[in-house]
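Please read the following points with the sequence and the model side by side.

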Amino acid sequence: MANVDGGHHYRLLVAKNSDKEVMRMKKFMDDDFLLENETAKYLYHEHAAKMPIIDYHCHINPKEIYENHKFENITEAWLGGDHYKWRMIRSNGVEEKYITGDALPREKFQKFAEALDKAIGNPLYHWTHLELQRYFDCQMSLDGESAEDIWNLCNEKLRQPEQSVLGIIKKSNVKVICTTDDPADDLKWHIKIKEDKRCTASVLPTMRPDRALNIEKSDFVSYLRRLGEVAGTEIQSIEDLRRVLAQRIKFFAEVGCRISDHGFDEMLYREASHQDVNGILQKALRGESLTVEEVVAYKTYLLIFLAGEYYKYNWGMQIHYSCQRNPNTRALEVLGADTGFDCIAASNAGCALTCFLDSLNRQGKLPKTIIYSLNPNDNALIASIIGAFQGPEIAGKVQLGAAWWFNDTKKGMIDQLTAFANLSVLGNFVGMLTDSRSFLSYTRHEYFRRILCNLLGTWAEKGEYPNDRKKLGKIVENISCYNALQYFGF
Ligand SMILES: [Zn+2]
């Protein structure tokens, strides 16, 4: 008898406990997605969610803003140029024709949906569903079976006028968009957007002079010819190049540029005299090959010159480094660069970074600087280096950049925020950016803000910081929006 009763009682207990488990389990990506305590929920809903978006670094084409581009279908909007997604689909053993090839848009979408369904823990899973919820009012989860319904629903919504580029920017409460532009660019789309006044965000250029620095590349000489033409001169010496770049910086500043950006596979530093660097440039212009030392000396010299010019205009300088480009030769030959094959490089950048910052600081020309490494092992390194080069001009003058590319994940953001907090002053962080080519990716700011609020809320609830909602709310609003406005002077 006791056995029978005991068994019955046990089954009841199991039932009750599993009901409780179900009640305790969070719903899939609901309003409190990633928010694990009351303080986190308060900070996100009452502060972070209300802040406008300052997207100070992205790769959006300004022409598409001016022309108020409308997407043909969800495959164009999502899979047209997104190497993050291409890489994920490839990892599901899919033929290239369904990724970057000539398969039909609906077929490509199917392959994406099937791969995404298995990509548990990947930020693409969260980004995609945030975009479905915010832009398409769709609460479904995307997989091979739901793909047909979601395809039809998204495409119908994309036909509505508010789903054009300008509509998406307005709906997303974006106030500033900084694109990425070559010094030779005439910035005509930025100028037209400003005159036209339909766009609810300021669309500003960012100067990225990588091609002027990449003296080792085969197109360097032809690029300098083009850069010279834009400035109405022929670049024959390092003096000419300095003059032309200074002129382009002035022009960019007139069009509203507040930021520069540099991408280096590796951060290297080697000092050389003006004369030596001029000799290196002459060699390159004659088509002679250069040694690694000469390449590094040229880049170091020009980067220091450019940073001094940025300082004059009070621009912020961004440095991105530690990337292995095109390690898959077959893929490079068939598909070209930037198609989803790059990876993180081992980094040994500490000395180069400090020498570079020190050189500028000694000359009294160190601009506001944000340093991003693709290698997450560099978080603490950079967070400690920035502490050695702060200045009174602005709080957080030198910063550890937001979690970038392969670090743009939930864990990557927590690690970046924690390193920043541990070794510097997190309250001065200029916050997140999309780094995106897609107009639907503004939800990445939401993803970041939820993670930020959860982290700060958790620290407060553990008693590691006063649970003072006003103070915490201010920090959240600053990191979400106001710090970037102030730092870049938008
Ligand atoms: Zn970028």
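1. Along the sequence, the donor residues of the zinc ion follow the spacing H-x1-H-x375-D. The protein donors are H57 (NE2), H59 (NE2) and D435 (OD), which lie 2.0 to 2.1 Å from the zinc ion; donors here are N, O and S atoms within 2.8 Å of the metal (3.2 Å for Na, K and Ca), and because water is not among the atoms, sites may look incomplete. H57 is buried at a relative accessible area of 2%, whereas H59, at 22%, counts as partly exposed (buried means under 20% relative accessible area, exposed over 50%, and partly exposed in between, with a 1.4 Å probe and protein chains only).

2. This is a predicted model, in which local features need a pLDDT of at least 70 and side-chain atom pairs count only at pLDDT 80 or more, while totals for chains, interfaces and linings use all residues. Residues are numbered from 1 along each chain as its sequence is written, and side-chain values use heavy atoms, with hydrogens and water left out.

3. The chain averages a pLDDT (the predictor's confidence in each residue, from 0 to 100) of 95, and 95% of the residues score at least 70. Where pLDDT is low, the predicted coordinates should not be read in detail.

4. R211 is found in helix 11 (helices, H or I of at least four residues, and strands, E of at least two, are DSSP runs numbered from the N terminus). At 34% relative accessibility R211 counts as partly exposed, and, leaving aside residues up to four places away in sequence, R211 touches D182, D219, F220, Y223 and R226. R211 and W127 are 84 residues apart in sequence and, from C-alpha to C-alpha, 32 Å apart in space.

5. Two backbone angles deserve a look, since most residues other than glycine have a negative phi. L34, in the loop between helix 1 (2–24) and helix 2 (38–46), has a positive phi of about 70° although it is not a glycine, and L34 is buried, with a relative accessible area of 13%. W405, in the loop between strand 10 (398–400) and helix 19 (410–423), likewise has a positive phi, near 55°, and at 11% relative accessibility W405 counts as buried.

Note on methods
Contact means heavy atoms within 4.5 Å.
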